[in-house]
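Thanks for coming. Please have a look at the structure on the screen, and I will go through a few parts of it.

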Amino acid sequence: MAVIAVLGAAETDVPRWAVFEAAFTAAAPAVDPLATRFRVTFRSPSGTAHTVDGFWDGGTTWRVRYSPAEVGGWTYSTAAEPGDAGLHGRTGAFRVTAAQGRTRFDRNGPVRVSRSRTFLEHEDG
């Protein structure tokens, strides 16, 4: 899967089911990264919220990765406990475009169990 890294771009295009990645810089180095909870809430075009944990990547760098499944404009906002001015209250946006890529997973999404629970199918059915 392609990873689309974003930071500082006005708006970035991410193919459906690709991996969106954003990096954030903390105001201070993490004394104990395991004691910090960094979460990012992604809001889809239909309004559904998806919250995922971010992770420490050394020094003052924190990252989050997310694979969006809905085409259209997405937004995100961050929260950090304990609060850190570089991590808490950050917002951004990106646009999800039609799926593309070389593999069936890039084009049709991840595999899941069907509604009938009798076979596997890609997310797009």
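I start with the largest pocket, which has a volume of about 160 Å³. Of the 13 residues that line this pocket, Pro 29, Ala 30, Thr 36, Pro 82 and Asp 84 are the closest to its centre. A pocket here is an open set of points on a 1 Å grid over the protein atoms alone, where a 1.4 Å probe fits, with protein on both sides within 12 Å along at least five of seven lines; lining residues have an atom within 4 Å of a point. The volume is the space filled by probe spheres set on the points.

A word on the source. This is a predicted model, where local features need pLDDT of at least 70 and side-chain atom pairs count only at pLDDT 80 or more, while totals for chains, interfaces and linings use all residues. Residues are numbered from 1 along each chain as its sequence is written, and side-chain values use heavy atoms, with hydrogens and water left out.

Next, the sheet. Five strands form an open sheet with mixed pairing, in the order E2-E9-E8-E4-E5. Strands are DSSP runs of at least two residues, numbered from the N terminus, and two of them pair if DSSP finds at least two bridges between them. Strands E2 (12-15) and E5 (49-53) are at the edges with a single partner strand each, so one side of each has no neighbour in the sheet.

Inside the sheet, E4 (residues 37-43) pairs with E8 (residues 72-81) in the antiparallel sense over seven bridges. Arg 37 has Glu 81 in E8 as its bridge partner.

Last, Val 96 lies in strand E9 (residues 91-97). Is Val 96 buried or exposed? Val 96 is buried, with a relative accessible area of 2%; buried means under 20%, with a 1.4 Å probe and protein chains only.

Key: Helix = DSSP H or I, 4+ residues; strand = E, 2+ residues; numbered from the N terminus. Buried < 20%, exposed > 50% of the residue type's maximum accessible area, 1.4 Å probe, protein only.
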